[in-house]
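Dear colleague,

I am passing a structure on to you, and below it you will find my notes on what was found. Please read them with the model open beside you.

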Amino acid sequence: MNTKKFKNLILFQFFLTISLAVKALFYPYALAPEELSTAILAYDDLQPLPDTFTSIMIFVILIISIVSLIMVYKLKKIGRLLYLITIAASFLFIFSGSYFVYDPLELFLEIAITFLSGAVISLAYFSSLSKSFK
């Protein structure tokens, strides 16, 4: 794989991540039936807010994730390691929350982003592109 296709893959992942964030923030449960959406929103209102430490760590991981994605895009060697660490840390933060309901579009975007993350990691470490990182 050449660097142009690799960079396009990273940009596509970034676009999907932004799309998922916009969908989750502004249109939650948009594809769910009305009764289910009302019940889920009522359940969400009853849940406690995350503690301060978890909120700060999620924000820090978000910032490091953006920086690492930019560094991987620029083919920096430290960017690969940071990207790998942020992906692993984001998987750990799944356990910090309670139940969450996805609608089909959110589930599709989440799975696509996960697949793209795996592709970026495998290409950055195990392909001929790994020699391009400096």
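**Overall picture**

Of the 134 residues in the protein chain, 28% are buried, where buried means under 20% relative accessible area, exposed means over 50%, and partly exposed lies in between (1.4 Å probe, protein chains only). Please keep in mind that this is a predicted model, in which local features need pLDDT of at least 70 and side-chain atom pairs count only at pLDDT 80 or more, whereas totals for chains, interfaces and linings use all residues. Residues are numbered from 1 along each chain as its sequence is written, and side-chain values use heavy atoms, with hydrogens and water left out.

The protein chain has five helices and zero strands, these being DSSP runs (H or I, at least four residues, for helices; E, at least two, for strands) numbered from the N terminus. Its C-alpha atoms fill a box of roughly 55 × 30 × 20 Å along the principal axes. Among contacts (heavy atoms within 4.5 Å) between residues at least 6 apart in sequence, 77% join residues at least 24 apart.

Within α4, the buried residues are Gly79, Arg80, Tyr83, Thr86, Ile87 and Ala89, and what covers them includes α1 (3-26), α3 (52-73) and α5 (104-126).

Not counting residues up to four places away in sequence, Phe133 touches Phe6, Val72, Leu75, Lys76, Lys77, Arg80 and Ala124.

**The largest pocket**

About 2,200 Å³ of space lies in the largest pocket, a pocket being an open set of points on a 1 Å grid over the protein atoms alone, where a 1.4 Å probe fits, with protein on both sides within 12 Å along at least five of seven lines, and lining residues having an atom within 4 Å of a point. Of its 41 lining residues, the closest to its centre are Leu20, Ile58, Phe93, Tyr102 and Glu110.

With best wishes

Notes:
Points joined across faces, edges and corners; volume = space filled by probe spheres on them.
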